[in-house]
Amino acid sequence: MEKESSQFIADATTTQNMEGEADEESNPLNQPLLKRSRTLSSNSQAMVGAKVSYIESLDYEINENDLFKHDWRSRSKVQVLQYVFLKWTLALLVGLLTGLIATLINLAIENIAGYKLLFIVHLIEKKRFGNHFISVFYGIHLFHWGNLLLTMVAAVLCVCFAPTAAGPGIPEIKDYLNGVDTPNMFGATTLIVKIIGSIGAVSAGLDLGKEGPLVRIGSCIASLLGQGGPNNYRLKWHWLRYFNNDRDRCDLITCGASSGVCAAFRAPVGGVLFSLEEVATWWRSALLWRTFFSTAVVVVVLRAFIQICNSGECGLFGSGGLVMFDVRNVTIKYHVLDIVPVAVIGIIGGVLGSLYNYCLHKVLRLYNLINQKGRIHKLLLSLTVSLFTSACQYGLPFLVNCRPCDSSLSETECPTNGRSGNFKQFNCPDGYYNDLATLLLTTNDDAVRNIFSTNTPYEYQTSSLLIFFALYCILGLFTFGIAVPSGLFLPIILMGSGYGRLLGLAMGSYSNIDQGLFAVLGAASLMAGSMRMSVSLCVIFLELTNNLLLLPITMIVLLIAKTVGDSFNPSIYEIILHLKGLPFLDAHPEPWMRDLTVDDGVVPPLGIATEATEAHGIILRAHLLQALKKKWFLREKRRTEEWEVREKFNWVDLAEREGNIEVAVTSDEMDMYIDLHPLTNTTPYRVLESMSVAKAMVLFRQVGLRHLLIVPKYVAAGVSPVVGILTRQDLIPYNILTAFPHLARTTGGEKGN
């Protein structure tokens, strides 16, 4: 697709005969720059949702053709101010809508999951059916069927209506902002299924979070606002034409991703830094201000709803709001020797994070084989995981011994008979509580709050924490990848907090750090070890804990965990990108790329003849299709006047992407000509044929190119003015190693494989 997306114009003094351009099969542009075997990666295809789809590169570069120049020159100061004002207005709307939808999702999850668990626990504690065993029996069935129903709703929506809504969506956003356009990623159907599916999947008690889906939801909202709505029902307002380009669309989606992270963690600065560190490829100071403005709006909306819901008007939602843990009032004490356990947590987080990435990679490959068998297999896989999760959450608490309540606690504090709070009574007699039920038979957010609880050194026994950690390691591997909207943040937080609290128990009196803070550091270390984030993650945890005293030890943990993890394999998002076949350009080229030049294996593009003396520029496939569909034909070779071009085309038309490439041309029209000069980008980026692939890759990525012309080092008679064209596929390390196997043998293969 990328190779077919442009047509080269070599001579500035002549026009091209249509008959010479009609045969697409003879186009040498279809030949890859680096000769390679036919593989999925070397073609412009990737896994998009449930099927392999064609993808193409975005064009972050400004296409400076005659129409664009005229449009830009004709803009008045009022129009320029209107453009700037509308940018900020859209940033406001992105933050406002993301905050509203995030609040509704949280409200629905807390109430559905909360009332479900409250009924089950109340059934067990009060022996509703007169006999304890009968109550347990009915509790098991109601618990399983409720979770199965919620899971089925989420899975059916994803499988039947929007396969792209499954999973977190962050890898796809990361790839889009890197310059790859994938179909149906930010549509209205995807947004609706993501919202409803997230509520169903999280309420079903599956080991997944709503954080990743919220990032995708924010991006969908931004994309729909920027283009005026869904593709079939788009608003044709005049002012929307300003945003009908890849550059502004990417900026809006960056604001949406930041707003989603902010809505998930109530961390405005962390949301901005997440986009800067993890998902965005191109960043500018103006974009920084707009993303920060969007996240500020999200925080205002969330805070307003939290204050309203604290009065009890939102059902079970509002107790604690969106804050998972708060240690503002905890006295944090640590001395120099505490650096040792902190460093150990970082090392464990890096090792376990890389091990988790490795195992999840294998599980996802297995799931791909199962999912290829059809929709029924996808649904059965999702329901099987739900059934296993429910059985473990309900059955495992019966394996641990009841613990007596601390004498310092009142009868209302221990045991807890409500939905939230520590010390759940479950199957225990009065005055006792079940510590494992406290962690398992609750919502995911409450489980995090419970295991992060401070000043509770004797609340959990070692056996319960070991069961909790082992269970969520298994669930974290087998839940991610099923056909429901899912996020990785919460499963990793639960796993990390488990071994963090275990280490706190092991340290005992040898450390001044509270066991709840050990759990916080464990969660941070595993997230850094798996996702390989550092600065944004540090700020997110800082905003959540509201305590600056945690900053030094959190920084140490994150740096150690990320360093250890990087020495084993890439981040989990990069692994998912590779599995889907999405061509992501990393910020750092491989060292062996400096040994290759861009002219290795180049084939001259169509239209280059040895007698051509000038490279006029590049025309995009979409613009060429516009010319053909509008019958921009001439009976003789001539240059068209400016008024003729403006009469036939406008910049709004050229900003539209053409999905259908079928064009009807009569036999008489085949003998006519097209003047492509007004539609041609006359200032494309060019590199010398002697430039290294590493240097070309850095330029391609940082400027956000779709094509990169290769020109000869020396200009002479008979030498073609253009040697070839580089596209994204020619710079992917995997494709290059496929073309040059000896590099794989000498370098040990591509990094991360």
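The end C-alpha atoms of residues 80-101 lie 32 Å apart, and this span is 100% helix and 0% strand; helices (H or I, at least four residues) and strands (E, at least two) are DSSP runs numbered from the N terminus. The model is a predicted one, in which local features need pLDDT of at least 70, side-chain atom pairs count only at pLDDT 80 or more, and totals for chains, interfaces and linings use all residues. Residues are numbered from 1 along each chain as its sequence is written, and side-chain values use heavy atoms, with hydrogens and water left out. For residues 465-495, by contrast, the end C-alpha atoms lie 10 Å apart, and the span is 71% helix and 0% strand. Both spans carry the UniProt annotation "transmembrane region" in an unreviewed entry, which also covers residues 145-166, 186-206, 287-306, 339-358, 379-400 and 548-565. UniProt positions follow the numbering used here, feature names are shortened, and annotations may be inferred rather than shown by experiment.

A nonpolar surface patch of about 550 Å² is made by Val80, Val84, Trp88, Val269, Trp289 and Phe292. Helix H3 (77-126) and helix H10 (285-313) are the elements that give two or more residues to this patch, and H3 contributes the largest share, three residues. Patches consist of residues with over 30% relative accessible area and no salt bridge, like charges being joined within 9 Å and nonpolar side chains (Val, Leu, Ile, Met, Phe, Trp, Tyr) within 5 Å. A salt bridge is a side-chain nitrogen of Lys or Arg within 4 Å of a carboxyl oxygen of Asp or Glu. Accessible areas come from the Shrake-Rupley method with a 1.4 Å probe; for residues, only the protein chains shown count as cover. Tryptophan 88 is located in helix H3 and is partly exposed, with a relative accessible area of 33% (buried means under 20%, exposed over 50%, partly exposed in between).

Helix H5 (residues 170-178) is largely enclosed by the rest of the structure, because nine of its nine residues are buried. Glycine 179, with a positive phi near 120 degrees, follows H5.

Three strands form an open sheet of mixed pairing in the order E11-E12-E13, where two strands pair if DSSP finds at least two bridges between them. Strand E11 (686-688) and strand E13 (724-726) stand at the edges with a single partner strand each, so one side of each is left without a neighbour in the sheet. E11 and strand E12 (residues 708-711) run parallel and are joined by three bridges; arginine 686 stands opposite leucine 709 in E12.

Note on methods:
Buried means under 20% relative accessible area, exposed over 50%, partly exposed in between (1.4 Å probe, protein chains only).
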